Amino acid sequence: MKQTCSLTSFGLKRVAVISMIIDHIGSLLLWAMLEPYKINGTLVVNRESPTMLWQIMQAKEVCEVLGSIAFPIFCFLMVESFLHTRDQAKYGLRLGLFALLSEIPFDLAHFQNLFSLRLQNVMFTLTVSAFTLLILSRAEEKWRDTPSVRWTAAAAITMAGMALAFLIRGEYVFLGVLSAALVYLLRDKGRLRIAGLAPLLVVSPWVLLAVPFLLLYNGERGTGSKWFFYVFYPAHFLVFSALALWLSGGIL
C-alpha cells in the first residue's frame, strides 16, 4: 500500500533546491545588503545600529536555518542515484564535469572573482563522494567473503575520500564524504540509513529539519528532468552574483 503523503526523488530534489535558494538569499543577497553598514570593511553591530541592519541580520539567520535542509537531501539523493545508475563511473564523471562548470559562477557569487581556492562548490564534494562509493563498492565485491578485510578496507577508503575532500576544500569538506559513505553502508537498513547523515550535525543542528522530508521518501524516481539541477546550479550563481553586486552598490 502506497503512502498517502510521500515524496519521490524529484520531489525531494525540489525541496532541496528551494532550501538552497533560501540559503543563498541569506549568504549572498542579504550579506550584500549589509555592505552599506560596514565601516572600513568591517560590519559593526551595536545598540545604536539602525533597525534595518537588525532586520537584515535576523532574516539572514532564518535563511541559514531553512537553508540547512538542502545538503543532507542532496547527499542522500547522490547515494540513491549512485545505487540506481547504470554506469556509476560515468555518474561520478558527470558530477565532476558540472563541478568544474559551476566553479566560476560559484567564485563570482561568493568571492567576486573568477577563480578562488578558498572554497570550492558543493559539486566537488559530491564528486569525491561518488568516487569514494565506487571504490567502496568494488572493495565490497572483492572481499565479500571476508568481513574483517571488507570493513577495514571500507574504513580506509572512506578516510582517503575524506582526506581528498579536505584537500579540495569543497563545501562540507570531509563531513560530506563521511555522510555519503555512511548512508551507502546503511543502504539495506531502510529509513534508518538516514542516520548516516549524522556527521552533518557538526555543521549545524538544523540539518535535522531535513529528516521529515527524507522520511517521506518513497523510493520512486518521480517525474522531472535529471538535467535541471545540473543547469540550474551554476545558472543561479550567475544571477545571484549580479543581484549581490547591485544590492551592494556595485552597479548604479
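Tutor: Let us begin with a definition: a residue is buried under 20% relative accessible area, exposed over 50%, and partly exposed in between. Please keep in mind that this is a predicted model.

Student: Is asparagine 46 buried, exposed or partly exposed?

Tutor: Asparagine 46 is found in the loop between E2 and H2. Its relative accessibility is 34%. Values between 20% and 50% belong to the middle class, so asparagine 46 counts as partly exposed.

Student: How far apart in space are asparagine 46 and alanine 242?

Tutor: Along the sequence, asparagine 46 and alanine 242 are 196 residues apart. In space, the distance between them, taken from C-alpha to C-alpha, is 30 Å.

Student: How are H1 and H9 oriented to each other?

Tutor: The axes of H1 and helix H9 (residues 228-247) come within 9 Å and cross at roughly 20 degrees. Angles under 35 degrees count as roughly parallel, so H1 is roughly parallel to H9. Residues that meet here include Val17, Ile21 and Leu28 in H1 and Phe229, Phe232 and Phe240 in H9. As to handedness, H1 passes H9 in a crossing that is right-handed.

Student: At what angle do H4 and H9 pack?

Tutor: In the contact between H4 and H9, Tyr91, Leu95 and Phe98 are among the H4 residues, and Tyr230, Pro234 and Leu238 are among the H9 residues. Helix H4 (residues 88-111) and H9 have their axes 8 Å apart, and the packing angle is about 5 degrees. That makes H4 roughly parallel to H9, at about 5 degrees.

Student: What is the phi of glutamine 112, and what is the phi of tyrosine 172?

Tutor: Glutamine 112 is situated in the loop between H4 and helix H5 (122-142), and it is exposed at a relative accessible area of 56%. Tyrosine 172 belongs to the loop between H6 and H7 and is partly exposed, at 24%. Glutamine 112 is not a glycine, yet its phi is positive, about 55 degrees. Tyrosine 172 is not a glycine either, and its positive phi is about 65 degrees.

Student: Which residues does arginine 169 touch, leaving aside those up to four places away in sequence?

Tutor: Arginine 169 sits in the loop between helix H6 (147-168) and helix H7 (173-185). It is partly exposed, with a relative accessible area of 39%. From asparagine 46 it is 123 residues apart in sequence and 34 Å apart in space, C-alpha to C-alpha. Leaving aside residues up to four places away in sequence, arginine 169 touches Leu117, Arg118, Leu119 and Gln120.

How values were computed. Residues are numbered from 1 along each chain as its sequence is written. This is a predicted model: local features need pLDDT of at least 70, side-chain atom pairs count only at pLDDT 80 or more; totals for chains, interfaces and linings use all residues. Side-chain values use heavy atoms; hydrogens and water are left out. Axes are lines fitted to C-alpha atoms, for helices over the stretch in contact, and angles run from 0 to 180 degrees between N-to-C directions. Helices (H or I, at least four residues) and strands (E, at least two) are DSSP runs, numbered from the N terminus. Angles under 35 degrees count as roughly parallel, over 145 as roughly antiparallel, 65 to 115 as roughly perpendicular and the rest as oblique. A crossing is left-handed if the near helix is turned anticlockwise from the far one by less than a right angle, and right-handed if clockwise. Contact means heavy atoms within 4.5 Å. Buried means under 20% relative accessible area, exposed over 50%, partly exposed in between (1.4 Å probe, protein chains only).
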